[in-house]
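Please find below my notes on this model.

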Amino acid sequence: MLETGMLENVEAIFGLHVSNRVSAGSVASRAGPILAACGIFDAVISGKGGHAALPQHSIDPILAASNVIVSLQQLVSREADPLDSQVVTVGKFKGGGAFNVIPDSVTIGGTFRAFSKESFLRLKQRIEEVITLQVGVQRCNATVQFIDPFYPVTVNDKDLHKHFQNVARDMVGAQNIKDMPPIMGAEDFSFFAEAIPGYFFFLGMKNETKGHLEPGHSPYYTVNEDSLPYGAALHSSLATRYLLEYQKPIPTWPKKSLHDEL
């Protein structure tokens with residue numbers, strides 16, 4: 001989208017996301033970094049399949065993958081600064097289809113997150129090292145693929161934060177503007193906010209009278225649709241107020257008599 005030039009002559013961009021942690025009628029955000037950089041990896045761990053009753057004739061990729069997952073969890077707990085937020089999660093594990101067969105290969109996949117470029121690149125390097133070296137202990141081989149593109153950190157422009165607070169204060173009241181601490185989620189909105197000044201905020205939809213709302217990515221996720229009018233009104237007001245207050249005046253040309261010429 002950026003390569004098509006869609007943001008040419010665009011001065012600012014706004015985005016929003018619903019949140020089950022913020023009360024309905026409230027909004028939450030902050031200036032500066034608010035969402036982490038994100039990368040995705042896939043790894044195929046190859047061994048030698050065989051009968052589960054005769055493991056000595058096989059090279060077990062399930063065992064190798066299991067040790068890889070445990071080792072990956074130590075990247076953050078043992079190698080990262082506790083004050084430098086980072087995450088490595090393996091969310092995919094595919095291998096085998098029968099209880100009594102050791103498969104030839106196993107596929108694992110996951111995500112890694114960080115708030116600094118240095119930490120993000122170090123995690124990427126160490127993930128590949130841990131996977132390829134750890135599987136060798138179990139006599140397996142591995143290929144690691146990182147899925148492009150990596151999402152950059154979502155950073156809210158400080159001037160747009162002031163604009164957001166002014167507009168939100170008029171619409172929902174100062175008491176309903178909450179400070180949002182940085183979280184390890186990620187957004188492709190970050191590509192836009194990296195190219196031009198951007199601002200991303202969260203729209204509350206929690207209402208205890210309507211029961212508990214499951215978080216995003218849950219199979220039981222539901223939306224409190226009563227919150228949507230707040231988001232639509234605030235989102236449109238952020239844009240219209242910005243145009244009214246910050247848009248550069250369109251130059252006008254002095255009137256003059258025009259004559260057709262042959």
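1. Two strands count as paired if DSSP finds at least two bridges between them. The model is a predicted one. Here strand 6 (residues 86–94) and strand 8 are joined by eight bridges and run antiparallel. Within this pairing, Lys94 is opposite Thr107 of strand 8.

2. Strand 8 also pairs with strand 4 (residues 37–46), again antiparallel, through 10 bridges. Ala43 has Ile108 of strand 8 as its bridge partner.

3. How many of the 10 residues of strand 8 are buried? Eight are, so the strand is largely enclosed by the rest of the structure.

4. The search of the whole structure returns 13 aromatic pairs. One of them joins Phe112 and Phe150: the ring centres are 5.9 Å apart and the planes stand at 70°, so the pair is edge-to-face, since the cut-off for that class is over 60 degrees. Phe112 belongs to strand 8 (residues 105–114) and Phe150 to strand 9 (residues 141–151), so the contact ties together parts 38 residues apart in sequence.

5. Phe150 has a relative accessibility of 22% and counts as partly exposed, because buried requires a value under 20%.

6. Phe112 and Phe150 belong to one aromatic cluster together with Phe120 and Phe146. Of these, Phe146 has Lys124 over its face, at 4.6 Å from the ring centre.

Notes: Residues are numbered from 1 along each chain as its sequence is written. This is a predicted model: local features need pLDDT of at least 70, side-chain atom pairs count only at pLDDT 80 or more; totals for chains, interfaces and linings use all residues. Side-chain values use heavy atoms; hydrogens and water are left out. Rings of Phe, Tyr and Trp (its six-membered ring) pair if their centres lie within 6.5 Å; planes under 30 degrees apart count as stacked, over 60 as edge-to-face and the rest as tilted. Helices (H or I, at least four residues) and strands (E, at least two) are DSSP runs, numbered from the N terminus. Buried means under 20% relative accessible area, exposed over 50%, partly exposed in between (1.4 Å probe, protein chains only). A charge sits over a ring if NZ of Lys or CZ of Arg is within 6 Å of the ring centre and within 35 degrees of the ring normal.
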